[in-house]
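Good morning. I would like to speak about aromatic rings in the following model, and I ask you to keep the structure in view.

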2 protein chains.
Amino acid sequence: EINVENTECFSCNIHAEIDAAVQLLLKLKVNYKEVTGQDYKAGCPPSENSVAPDNGPAADGDNDNDDEDTVDPWNVSTTSAKGVDYDKLIVRFGSNKIDKELVDRIEKVLGQKPHRFLRREIFFSHRDMNQILDAYEKNKSFYLYTGRGPSSEAMHVGHLIPFIFTKWLQDVFDVPLVIQMTDDEKYLWKDLTLEECHHFAVENAKDIIACGFDINKTFIFSDLDYMGSCPEFYRNVVKIQKHVTFNQVKGIFGFTDSDCIGKISFPAIQAAPSFSNSFPQIFGARKDIPCLIPCAIDQDPYFRMTRDVAPRIGYPKPALLHSTFFPALQGAQTKMSASDSNSSIFLTDTPKQIKNKVNKHAFSGGKDTVEEHRKHGGNPEVDVSFMYLTFFMEDDEQLEKIRQDYASGALLTGELKKILIETLQPMIAEHQERRKQVTDETVKQFMTPRPLNFKL
Amino acid sequence: EINVENTECFSCNIHAEIDAAVQLLLKLKVNYKEVTGQDYKAGCPPSENSVAPDNGPAADGDNDNDDEDTVDPWNVSTTSAKGVDYDKLIVRFGSNKIDKELVDRIEKVLGQKPHRFLRREIFFSHRDMNQILDAYEKNKSFYLYTGRGPSSEAMHVGHLIPFIFTKWLQDVFDVPLVIQMTDDEKYLWKDLTLEECHHFAVENAKDIIACGFDINKTFIFSDLDYMGSCPEFYRNVVKIQKHVTFNQVKGIFGFTDSDCIGKISFPAIQAAPSFSNSFPQIFGARKDIPCLIPCAIDQDPYFRMTRDVAPRIGYPKPALLHSTFFPALQGAQTKMSASDSNSSIFLTDTPKQIKNKVNKHAFSGGKDTVEEHRKHGGNPEVDVSFMYLTFFMEDDEQLEKIRQDYASGALLTGELKKILIETLQPMIAEHQERRKQVTDETVKQFMTPRPLNFKL
């Protein structure tokens, strides 16, 4: 064939027109200045004295403000050593603070002490949690939905936070749980093959199972598998995709015209498990069973979109519980990276590696010399070892004593690190032991679409 | 909750910026005129005497040129009574003409007369058909792929053209066939429910089956069903979606930022059946089996995109055979509409309805009076009855005689219409009879993923 792909020119007519529009805009502004001797200012008729600043359109969709933290599903950054300002985030995202009143209500409803992640504001924000509790008090059930993007085999302790909390929720509320492994998302975003992403999904599922989920109440699914096994799931994806425009995902996720169409339509796939009829094997045709999503706050954009779409397709809005980010060893300025083995404690680390990493890399809020430290005390607010203890040490009084002793200087950085090391070492070892018990057969069972023990 | 969805403002920043840019452009043009007393003309500095036409940017992606036909999957229009200029379309789309040499080669390879659609340039354009024939001569097999968008129960004779031809191809080449019912597409584009679209898919499948396809060699699938039954199909969809950007589908299909994300990602779903490993039940894991797609030329944009992506994901490019459009009774200027029952002959029409429609609505190339017609003759090139006969009358000599007699004036319009009516009535009646024989069980069998008789 000689002239096969000369169709490109034809196909690009529209693109060319848009380019032309931009060119036109630029020329207009230049010509305007030639004619008037003034820069163009939108909305103002030309006058003799005004010199307007260039307030032309920004085409790149960049809406960062210098004083704002960046928090979206792919980027989290802040300039503060204390980490992201979560109170500001609540205002920006329009969610609600998990305040003492709500924690007290959860304690009352459950008749037991709330999880340390609630007591310590690690899960700090929510949407509609009171509705879930209202329903629960009337003996109406709900289900839990959480997930993971499997971009490598290496999971670190930070990745466990939503799962540790979700396991607790499953236990105390006695409800079914679906866990989405977004292997399709990782394929679309990363330089990985489908096979690699699917493999990571199964490997990560083993670590998730090792958190202790009830096999009779938990369904873990790979998108790549489940989309091709459940027509009802795909039907919900298409329903959502019909009710979200490119303009909307552009606004919510910052997608651009250069992004692949897979990324652009993916948010519908993360949204779909929020609706109970995406799981006919569990809930039959029922579309009205409330969904509660525990997740890190960076995933909220997906569920803002989901909550916007839900009423328009006749489904209830999912409720949410948002967690803070688990800090990197180097400090709370960034989210951890699975690709930097020194940025966190990995679930495969040996006791010796844990000890070395904490001693070598954990950012310290202590003073430079023992003398200074004894005199002025350390700063637990920026000390990563102390932050890690707030995640993993169960005893509130012990933790508070550590905080006070560190702040007063009674506790040295080395001693604080030792406490953390002795907390992490058995925790990780036990996790490794439980993971070893997870057979291929067990994984297969968790990942098979099937009925769950579910009392409506 | 008081402040739940106040996040919309945050999310819409970018949208607002684009709105602002458009407003800016409009204001610039108004202000420019105020200042210069002239309309703005891109690229020309202002002068005293020129009054420029408004050639500002078209923001709606409209790329019609006055002298060009519009042909895309959703719009076909032309100003010529002869219909679309197909030679121009070949140049614009970059395909190849099905010339006498290719038709002769097909005849030689098959050892039998080519289908009348080939003899009469109804299938007029192709991509890589010679490669399919090369492979076939070396006893290598291929498979056929065609489809239908089921937007209503009502199918007309024009809808049968690709299926009549595909049945012939299946018979003479003895190859398997997959037929995609894009019920998901119709849901995304039309004001229909998922249930309606799926219902139309099954009903239309009955008409397709009535064309006589070999049940042992044909798989018909609804996207809504098959996507949820075949992980390999979804994997190919995601692969394609990773390798096509929004810019590309914007250029190819004219999508805009206001289109839903389902439309934007849909082209990947129509592309995926072009690759043999989308059908593991038929072809196993083989991804190298060539695909030949007979379709109307308006579907070519999907497959230009597919052919662009194929080598980048390690798959062969599908070959294509393109048909012209079946003209509406009212004339060849437009494609027919399933929603206007007078625009064509429907597969449910009675003999009487066929007679009335042809007599009343078929655009005539004849003269106003019998005297004039006898003297000057009619124009078969714009006569819809004659056009329909080129589609459905098998005998070449008989057709040519009709053409000559009509052009000379020996054959009157009423007589020509009578020949068409007598051709259509038994054809439609036989179709209706065959459709009656199609049981729900038969449809189910055609639409069940299963192995087909397929010799590699």
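**Confidence and aromatic contacts**

In residues 1–25 of chain A the pLDDT is below 50. Where pLDDT is low, the predicted coordinates should not be read in detail. The model has an ipTM of 0.84 and a pTM of 0.85.

This is a predicted model, in which local features need pLDDT of at least 70, side-chain atom pairs count only at pLDDT 80 or more, and totals for chains, interfaces and linings use all residues. Residues are numbered from 1 along each chain as its sequence is written, chains are lettered from A and ligands numbered from 1 in the order in which they are written, and side-chain values use heavy atoms, leaving out hydrogens and water.

Over all chains there are 75 aromatic pairs (Phe, Tyr and Trp rings, the latter by its six-membered ring, with centres within 6.5 Å; planes under 30 degrees apart are stacked, over 60 edge-to-face, the rest tilted). Phe117(A) and Phe165(A) make a tilted pair, 6.2 Å centre to centre with 35° between the planes. Phe117(A) is buried (under 20% relative accessible area, with a 1.4 Å probe and protein chains only), at 0%; Phe165(A) is likewise buried, at 0%.

How are the rings of Phe266(A) and Tyr302(A) arranged? Their centres lie 5.9 Å apart and their planes at 85°, so the pair is edge-to-face. Both Phe266(A) and Tyr302(A) are buried.

Finally, one aromatic cluster includes Phe117(A), Phe165(A) and Trp168(A).

Methods. pLDDT is the predictor's confidence in each residue, from 0 to 100. Contact means heavy atoms within 4.5 Å. Buried means under 20% relative accessible area, exposed over 50%, partly exposed in between (1.4 Å probe, protein chains only).
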